[in-house]
Amino acid sequence: MESGFDSLRIQLRQAVDECSARGLVFAAKWAAEQLCSLSAEAPAIQKTFGAPMFSPSVITPTPKSRLRVPPRHSAISEDPKPSDGKCSKQERAERWDKLDALEQDKVALAKCLFDMREFDRAAYGLQGCVGPRAQFLRLYSQYMSRERRVCESGGSRDSEGRGRLRVAGEADNDLVAIRDELEASNSDGDLDAFGQYLLGMVLKTLGQRAAASEACLRSVRAFEFNWSAWLLLESCIDQREPIDRLGGELPDGWMRHAFLAHLLLEVFGSSSNSSSGGGNNGDAFSMHCQVLEQLFPQSQFVIGLRAVRHYNMREFEEARSLFATLQSLDPYRLDLADIHSNILYVMEDRARLGELAHRCSDLDRFRPETCCVIGNYYSLRREHEKAVGYFQRALQLDRNYLAAWTLMGHEFIEMKNTAAAIDAYRHAVDVDDRDYRAWYGLGQTYEMLNMPHYALNYYMRAATLRPYDSRMWCALANCYELSAQPAKAIDCYRRALIGSAESESLAITKLARLYESASNRKLAAYYYQLLYEHALKNGAQAAASVAAAAASEGSSGISAVFSAGGNGIGGQDELAAACLFLASFEHDRGHTQVAQRYLAQVIDGASSGGASQQKVDEAKALMRAMTMGAL
């Protein structure tokens, strides 16, 4: 009796063979990596969110009759003699076996030609072949030939990302011909899982994203170990749709967990504040990763997912540590090297970034990831022209390499070349209109050009893609301020407080000032008090050491807390302004002693390098006025 893990090994080996035979090398490599990282022992059943982490459907034995040909969708009748006269699922599988056996010599030659990138010749050699493997390889060769012509002609996608050419219009006719043949086979019930995947790829290139999503779903239901089909499905997903709706349509195997973890990370950002399923996205992401880690304890795919999540959450030290683990497991790995370099760039770790750039260059200088790493290295050295050159080289290797378009836009911003920056960001959103970084970059560029109304549109797109990223809402609110729309600015700053804590102090400060300008003293006092408490909370740890030093010098503990807390909000002047407003507010309410305590903190904080002299003089003047008034 086969164990679940023996069955899983057979399934992954089948996936490697089936994907390799069709030229899907990326999917084959992914399946082989999981196969090599498979646990030697079955994991214990645990519970997460009140439900078993593993169920019998996670690892299911594969019947030997299905090992050669991917199983069809369960909606196809299992009855050997269905009433509609069509052949049954078993009969169709047997017929496909016979056709593949008859055509295996031609398929073998076509596969060799495909590997040598002689796509037209491979397609020509398979004319007249009707087996599922031959049909896939023939049409896939035609598709790849069309893609190569697109790159060579310099064609680009339109503003809606539909993949239509602006120059070589005949390439769309090629796609339509491929689509029509695949849809005809699908209508006859004669299209296997890989054919469904190819149909989805063609439909997405033609801009028919909903139909492509349906084709991908049919593909993964029929054969769930084609990782490329899952990635294509991910690229067709609309962020506005809840994940729960999609989850009910997915197969129940372990590949579901790999897909949902990747989806939460790449599309929804796995924000800890956004809900999904039985909990928030952060918890759901961790649950899916735990399932995968028990099956594949040394999977570089799972470690990479966790590293990228820490990067997205701006937890750079944790992300760098995980990338170091990946490097120790496979020192020749270049996957995700571009994200690793982004982390080192943000951390301004020039030594490690230089070491990474040299290592990648030694391994393969013609990989887009290598060019991106070297570009980041030169950008950190402020050699922006060289950085742009390497990003352009990455795009010569892969025209749809999203990171290079976005990073090149950033470099043009540093060079004050706004026209080139806009062009780079627009290419990025043409490649993937769900890339919030490109939309955010467009907003920044138009804001630099003093065109806030244009910037508003792009910041809104970025905020829609990352609704719990406070930076998006603060940028949007700033544009509303520049456009003299304080009410909308207030709404955006309040929305920023729901998101990540990174821009929390900025949002609080802006809200306090906006309400003060609107003569709403009560709400202004509320946010100034919140700012004051936020500063003290952030400076609590530093205040302990500062207070100890202050005590030895005869300074007050309050001034030490003021000095430590002020550094957490972008300078002591903001905290001093909050104290001055609160002092005035409390004095008007008749709470003179409370007001004097606020003023005393500004005055005492000056001795430890606190607020500016102007704020201190203002506090002293108010203190004198209150003292004389009390007398």
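Buried means under 20% relative accessible area, exposed over 50%, and partly exposed in between, with a 1.4 Å probe and protein chains only. The model is predicted: local features need pLDDT of at least 70, side-chain atom pairs count only at pLDDT 80 or more, and totals for chains, interfaces and linings use all residues. Residues are numbered from 1 along each chain as its sequence is written, and side-chain values use heavy atoms, with hydrogens and water left out.

**View A. The aromatic pair Y528 and F581**. Y528 is buried, and F581 is buried too. The structure holds 25 aromatic pairs (rings of Phe, Tyr and Trp, the last by its six-membered ring, with centres within 6.5 Å; planes under 30 degrees apart count as stacked, over 60 as edge-to-face and the rest as tilted). Y528 and F581 form a tilted pair, 4.9 Å centre to centre with 35 degrees between the planes. Y528 belongs to helix α27 (residues 521-538) and F581 to helix α30 (residues 572-588), so the pair ties together parts 53 residues apart in sequence. Helices (H or I, at least four residues) and strands (E, at least two) are DSSP runs, numbered from the N terminus.

**View B. The aromatic pair Y532 and Y598**. The pair is edge-to-face, with 5.5 Å centre to centre and 80 degrees between the planes. Y532 lies in helix α27 and Y598 in helix α31 (residues 592-605), so parts that are 66 residues apart in sequence are tied together by this pair. Y532 and Y598 are both buried.

**View C. A cluster of linked rings**. Ring pairs join W30, F114, F119, F136, Y140, F194, F223, F225, W227, W254, F296 and F301.

**View D. Arginine charges over the rings of W439 and Y468.** A charge sits over a ring if NZ of Lys or CZ of Arg is within 6 Å of the ring centre and within 35 degrees of the ring normal. The charged end of R461 is over the ring of W439, 4.1 Å from its centre. For R495, the ring is that of Y468, and the distance to its centre is 5.1 Å.

**View E. Helix α20 (residues 402-414)**. This helix of 13 residues reaches 19 Å from its first C-alpha to its last, close to the expected 18 Å (1.5 Å times one less than its number of residues). Its buried residues are A404, W405, T406, L407, M408, G409, E411, F412 and I413. Among the elements covering them are α16 (337-346), α18 (368-380), α19 (384-397), α21 (418-431) and α22 (436-448), where contact means heavy atoms within 4.5 Å. Just after α20, K416 takes a positive phi of about 65 degrees.
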